[in-house]
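Dear colleague,

Please find the structure below, handed over for your use. A short account of the findings follows it.

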Amino acid sequence: MNDVPTTLRIVLEQVLAEYTARGYKPEQINNGSCSAYATKVQSLFPSVTIETGPGLGHTWVKYQGRHYDAECLDGVENRNDLPFFKRN
């Protein structure tokens, strides 16, 4: 694990667990439910900001200069390094 703040990591994992309990895989969350995922994370950890991608319709959260989504719980410095953008 990188230097993800412990509380944020717990929130990211908790929200992911809620989705996986309903049968979603992280990639599926990022292809249709990413906005709801990001909104839920922000409701539990208000310090994050919600970001949206150019043209591709992806939404994720940003905290202290790092970008996080359902597939990237450790976060990345550059949003283009999120798996969603690498695939698209």
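One aromatic cluster is made up of Tyr19, Tyr24 and Tyr37. The ring of Tyr19 also has the charged end of Arg22 sitting over it, 4.5 Å from the ring centre (a charge sits over a ring if NZ of Lys or CZ of Arg is within 6 Å of the ring centre and within 35 degrees of the ring normal).

Please note that this is a predicted model, in which local features need pLDDT of at least 70 and side-chain atom pairs count only at pLDDT 80 or more, while totals for chains, interfaces and linings use all residues. Residues are numbered from 1 along each chain as its sequence is written, and side-chain values use heavy atoms, with hydrogens and water left out.

The structure holds 5 aromatic pairs (rings of Phe, Tyr and Trp, the last by its six-membered ring, with centres within 6.5 Å; planes under 30 degrees apart are stacked, over 60 edge-to-face, the rest tilted). Among them is the edge-to-face pair of Trp60 and Phe85, at 5.4 Å centre to centre and 90° between the planes. Trp60 belongs to strand β2 (residues 59-63) and Phe85 to helix α4 (residues 83-87), so the pair ties together parts 25 residues apart in sequence (helices, H or I of at least four residues, and strands, E of at least two, are DSSP runs numbered from the N terminus). Trp60 and Phe85 are both buried (under 20% relative accessible area; exposed is over 50%, partly exposed in between; 1.4 Å probe, protein chains only).

The count of disulfides (cysteine sulfur atoms within 2.5 Å) is 0. Cys34 is in no disulfide, and the nearest cysteine sulfur, that of Cys72, is 14 Å away, which is too far for a bond. Cys34 is buried at 5% relative accessibility, and Cys72 is buried at 10%.

With kind regards
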